[in-house]
Every structure is written in C-alpha cells, then in structure tokens.
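Please open the model in a viewer and keep the selection tool at hand. The stops below are meant to be followed in order.

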Amino acid sequence: MKRLIPVFGAVFVSFCAHAMAQHGSRLVWQPVQEYFIHRDSTQQVLAGTKRLNSFTTYTHLGSDFGFHGQAEHEIEWLTDEIVVHLSQQPEAWAGMWHSLAGQARNAGRVMDFTRAYPEQITARHQPKVSAVMIEAAGRGKIKLEIKSPAQEVRWSQMIELNEPQYRMFVHPVAPESVRDGKTLVWTAEPGSEVKISTLSLGVEVPQMPWDAYAFLASYAKIARSYSMETGFVKDRAHIEAGAFESVSATGMFALASAAAAEEALGVVTPDDARWVLTRTHEAVKKLKTARGLLPHFVQRVGGEYRIHPGTEYSSIDTAIYAQSMLLAAVMLHVPEVAEEIVGQLQRIEYDLMRLPDGHLSHGFADDGITLLPHGWQDWGGETALVMLMEGIADPQHRPPPMHTPGKAWQGSGFIPELQSLFHPDFDSDAPDLHDGVRWLSVRRAMLGAQRAYLPKRWPQSQAARHGIYGLSAGENQAGNGYHVGGADLPDQKLVHPHYILMSAALHPQPVEIYELFGRMEKAGYFPPWGMVENLDVEGRSYLPMEGSLNAGFEALSAYHLFAKHRQIPDAIYTASQTSPHIRRAMQLFYPQAPNLEQPAGR
C-alpha cells in the first residue's frame, strides 16, 4: 500500500498564515479518509465491493462511512484510491458520505466546527474547522457537501475537474456556519470519470506549547470513545456505544480527566472531571463480577451492561481500572469513591484465583467460574499492578517471585512502562524488595534498545529517518487482531508509537520528544485527532484506528511528560504518594517512597 502524504504548496502556506494571523492558531490537516485499504494476506477485496467490515473499516475521525447514489455499485475501491466511471451513464451519480462524529445513524453526535473536540474540553482548547481539502484527478464535476443530521446542507462546493494527475483542491468553510455537521459528502456528477485519494479537514489548532498540545490531542482521542450517557469508554471510537466497552480504558479516562483538570492544563473543569469520576464509578459498580473481578470488555443488553461473550473477567484490567479510579478520586478530593474502590478490591476472592505455583490467574472465563490456566508470573508492569491490587486488599501477602526478573517478554516496549503510568516508585534504581530489579536501569536499557533497533535494522526506512520508534503491543497492521512486537524479535516492521509517549519521561531532554512529535505531525502520524495506532516502518501505510487502550496510555504518559517538562508537581504521582492504601501495598517493592520534589531519574 502506498502511503499518501499531502504535499503542502503555496495555497496551504497561505491558509496557515491567514489562520495564524486571524485566530492565533495554526492550520493542521486532519484526514477524514485516506482511501488505502487495510487487509491481511488472507483477505480478498474485490473492486466495487460495498459490504465492508464495520469493525475494521472506518474513517480517520473514528466514525463510519458509506456509499450513495444511483451508480454507487459502480464505484471501484482500488488499493489506494476510489474510482468512479460515469461516462457511460450520463444520468447517474455516485459518491461517498463520511460521518463527522460517531456513527451516521446516531443523530445526537455531531461536529461543531467552532468546537471540533469533545464537548467537555474547555473553549480555549477547542480547535476550529475552517477548510475542506480533496485530492482528486480525472474529468467532470465533484460536489462537496456538509450536511446536518436532518440532511440539511450546511456548506457546499462544486469542483470542476480536468486534471489527468492528482491535484489538491482546498476550499474554506466558515466555522460558524456548521454547528451541527453530521456528514461530509462527495458526489461525482453525471458523466464524470474521476478518482479520489484523500479527503481532509483543515483544523485551526489553538496556539499552545507542544507539551500542552501533546496532552490535549491525546486526551481528546480517548474522550471521543467516552459516552456521557453510559459512563463507559468504547474499545474503538467508531463502534456504537454499548457494543464493546473497555473497563480498563474507562478507568484510565477518569484518571486522564483528573489530570486534564489540573490548573496548569485546564483542559476540562474540575467539576466535569468529578462528574466523569462519579458517573463512571456508579456505572461500573453495577457490573456483575466473578469472585470480585471485573470484566475486561462489556456490552449493553437491554438496559444492562454485562460481560461481552468470549472475553474474560480480568485481573489486570481490574487492577488498571481500580488504581486509575483510586488515584483520580484522591486527585479530585472525592474520598467516598476512593474508599469504595478499596472496598471493591478487598472483596476480591484472591485465594480462589491462585494457581498451583502461587501466582494469581489472569482471571475467569466469561462463565465467571472457569479459572484461566495462565497466571501473572512474567516480570513487568502488568504483574506489578496485579500484585499492588492484591497488596491494597492485603498488605501482608507476599506473592512468589516473578519469572526472569528485569526481562520484558520479547522486549515489548509497554511492559516496563505500564506501572509508571500510575506510580512514581519505579523511577528508582534501588533494587526492589520483591525481585531485586533496578527498574530505572531496566527501563532505560529498553528505551536504548527501542531507539537503536530501526536505525540498525532498517536504516533507510522512513521511521528511522524521522527518529520514530516503538516495538510494542497493539492492533495488527490490518486492525483485526492483537500484535505483540518487541526489540528482542528479528525483522520487526510494525511500529506502535504509543511507546514514544510511554517512555518519554525517561528521555533526558523532553524538548527532543516534542521535536519528534512535530516531525510526526508533518508526516501524518500525529494529526489533530491523535497519534496513529501503528505505522509501517517504510512509511507506506498506517492504521488510523482510534483505540481507547493505547489512547489511555498516551494521555497519561503525555501528562507525566508535561509535568516533567514544566518542572511542576506531578498530580498523579502525588496522589499515589498520599494514598495510605497504595503506600502500604507498595511496601512489597519499596519500603520508602522517593522524594516527590526530585523523583529519581526524572
């Protein structure tokens, strides 16, 4: 697949200069759709196929799309472009619609072009949409329209096309004229022979330092998956609410909202962050558990949420959710939620989850009875968080040693960093009491291996030239399965850039990380809708999926990097240090907390 990167000519410079001068902002292009096709080697995609898998086919905005017109079945979707042949059908027209927010059938989700980010984000942090760009070639006419949920036209533009080669057409939009944008539609008019590769929005991002913007874009990314109605976070932004929600991501969103409410950021108000915390807590505590463990994924059946069939009641997802919520409750001064979370952890029947070797199981099958045979024994952040969860309930318990201490499975990037999304203690190079691991040295060694891998193995690749790295875990290249990469594996070519943020606070010069984000933005890997899920090392394609798990990792990591860069107290870490329940549990690893004024290694 060819990676289509916009080439910015004089018209784009003019638009950017105008936007910055008039509104104190900068213009950044956000793809609505780059018409490449993601598929694995076993899938066959026929030209003109209209029935697409909605779980793996979506816009770059985290929404759905479809086809329309009398000749819609004549549209050909080739590898990197849409082709419409209407010269033999002089009365027929055909095109595509793209939802601007949520699924098209959900009339309640719209895009306000004056406030394009989720509504809970404060006005001064809201970007505006002021342009539409389409990259097209051929002969004929293409009509562009923005419509409301009631199909009322809010904006339209006709393009006269007589271009054998691709050309970008940019047209301004008055943001105040589109307060309820639901779909962006292009239509090839009768008699046209056209092909289209890219459809984008020109987003005026408020001028702000890169440290604040990196957090803002990452927080907005996970916020697009949050439902104010249900209190849950969808696993993917483009699926409908109630279909497939992630409990761990739901907890991380509450914690990210607490960070967003910190005075130094002000991305949301403290009252809104407290509302998210209490709404989430009330929703999750209604879930049926298995021996106290929460489900990993849930779905809504009728008016009730229950475990999604085929998934598990998960110890690690319970640990992530509970520690996120406990920290958020401390940060937002809601002690009743903090105490209820601790009570939930104390009611987990840990003894019934223990495997013969003494380690805790990954959880229970969806029947809530069958114990999963694999346990938390491998070294890393996941195991540490599960141990801390049990330690909050029973500080006297001493689990067996981890296997291969200090060695992350396959060298996967997120493993040594997950625990540090929540707790500062692992910034220490003192040997931990449980396994004797010097966590800071191990994490720094992983960062060195990750940064060196692509320049050594693929020195001429686009990722290496830009300085991009991240051999971690997340969606596979097609977006239809889980992929675990790592620096210990040969010939890795799929990069998960969330690791850049997860490890960023280890970097001695944060400004270099922000310079990297600027390069990623120009290459199309960090657009206003947030960092891409993954990218091919050669730069030929990327996965624009808005996944909430990695969005949670990115938002929390961006906050820690922001605090380090500004040299201000890290509110998440302060909450960890001031929670007596967490402090007692942390005795398993460290008898004393590091100095909050000058945390080790940061």
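This is a predicted model: local features need pLDDT of at least 70, side-chain atom pairs count only at pLDDT 80 or more; totals for chains, interfaces and linings use all residues.

Residues are numbered from 1 along each chain as its sequence is written, and side-chain values use heavy atoms, with hydrogens and water left out.

**Helix α4**

Select residues 270–284, the 15 residues of helix α4. Helices are DSSP runs of H or I with at least four residues, numbered from the N terminus.

Next, highlight A273, V276, L277, T280, H281, A283 and V284, which are buried (under 20% relative accessible area, 1.4 Å probe, protein chains only). Viewed down the axis of α4, its buried residues fall within an arc of 165°, so they line one face of the helix; the arc is that of the directions from the helix axis to the C-beta atoms.

**Salt bridges**

Select D425 and R583, whose side chains meet in a salt bridge at 2.8 Å, N to O. A salt bridge is a side-chain nitrogen of Lys or Arg within 4 Å of a carboxyl oxygen of Asp or Glu. D425 is buried at 1% relative accessible area, and R583 is buried at 16%.

Finally, select D427 and R443, which form a salt bridge at 2.7 Å, N to O. D427 lies in the loop between α7 and α8, and R443 in helix α8.

Methods:
Helices (H or I, at least four residues) and strands (E, at least two) are DSSP runs, numbered from the N terminus. The expected span of a helix is 1.5 Å times one less than its number of residues. Buried means under 20% relative accessible area, exposed over 50%, partly exposed in between (1.4 Å probe, protein chains only).
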